[in-house]
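Please read it alongside the sequence and the structure shown here.

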Amino acid sequence: MTERVLTARITRAGMRAIFAANNQGLDLDLTHIAIGTGGGSGYTPNGNETALMSEFERVQIGGGDYLSDFEILVEGLLTGTPAGWVNEIGVFTSAGVLFAVWSEPNAPLAYKTANVPLVLGLTLAVGDVPPGSLNIVVGAPSVNITIAGPFSALAAELIRLQRRATETETERVLPIIQNTWYT
C-alpha cells in the first residue's frame with residue numbers, strides 16, 4: 001500500500017476567520033470535516049474557495065491532534081448513505097466557514113460506499129496561523145472506535161483457534177503421555 005500525502009490549502013476565508021477570532025481574544029474552533037466529488041474530477045484549490053464544489057457528506061470532527069507547532073491533524077468518520085468518489089475534502093469552523101480544502105485534478109482519494117465507514121485523516125500545515133489560535137473540537141465518536149469491533153472479533157476468533165489447536169494437540173499427545181507414565 002502506498003502512502004499519499006495530501007496538501008490542504010487554508011482558504012482566505014479561513015485566515016480571515018482566524019484573525020477575526022484573535023481580534024476578539026478568541027480561538028477559532030474547527031468542528032466539521034466534509035467530502036465531495038469535486039465536480040467529478042477534482043481541481044487545484046486557489047484559496048478563494050468558500051464551499052466544497054460538490055459536497056456530499058459532512059460530519060463532526062471525530063479526533064485530532066497538534067502534531068507540531070506547524071501541523072494539526074483532523075479526523076472524521078463518515079458513515080452515511082451518500083456514495084461517490086472523494087475528490088475534495090474540507091475542514092469547517094463552528095460558524096460553517098471553509099477553513100481548509102484539499103483537492104487534486106484527476107486524482108480521487110477514495111470511493112465512499114453507502115453505509116460503509118470511511119475513516120479520514122487530514123494533516124494541515126498551519127505555519128501561517130498565529131500559534132495557539134486554533135481549537136480542534138471533537139464532537140463525534142473517536143475514529144478509533146471503528147476498529148474496536150473488528151479487532152475484538154479478530155481477537156475472539158484467534159482465541160477460539162488457539163483453543164481448538166490446544167485441544168487437538170492434547171488429544172494427540174495424551175495417549176503417548178499415558179503410555180509413557182502410567183504403564
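By class, the lining of the second largest pocket comprises eight nonpolar, four polar and two charged residues. The model is predicted, and the mean pLDDT of the chain is 84, with 90% of its residues reaching 70 or more.

**The second largest pocket**
- The volume of this pocket is about 170 Å³, and its lining is made up of 14 residues, among which D69, V126, P130, P131 and G132 lie nearest the centre.
- Two or more residues of this lining are given by each of strand 4 (63-68) and strand 5 (71-78).

**Confidence along the chain**
- Confidence is highest in strand 7 (residues 88-93), where the mean is 95, and lowest in helix 2 (residues 145-181), where the mean is 77.

- When neighbours within four places in sequence are left aside, the residues in contact with V101 are T7, A8, R9, T11, Y43, P45, E49, L52, I89 and G90.
- L52, one of these contacts, stands 49 residues from V101 along the chain, while the C-alpha atoms of V101 and L52 are separated by 7.6 Å.

Definitions and conventions: Residues are numbered from 1 along each chain as its sequence is written. This is a predicted model: local features need pLDDT of at least 70, side-chain atom pairs count only at pLDDT 80 or more; totals for chains, interfaces and linings use all residues. Side-chain values use heavy atoms; hydrogens and water are left out. pLDDT is the predictor's confidence in each residue, from 0 to 100. Helices (H or I, at least four residues) and strands (E, at least two) are DSSP runs, numbered from the N terminus. On a 1 Å grid over the protein atoms alone, a cavity is a set of points where a 1.4 Å probe fits but cannot get out, and a pocket is an open set with protein on both sides within 12 Å along at least five of seven lines; lining residues have an atom within 4 Å of a point. Grid points are joined across faces, edges and corners, and a volume is the space filled by probe spheres set on the points. Ala, Val, Leu, Ile, Met, Phe, Trp, Tyr, Cys and Pro count as nonpolar, Asp, Glu, Lys and Arg as charged, and the others, Gly among them, as polar. Contact means heavy atoms within 4.5 Å.
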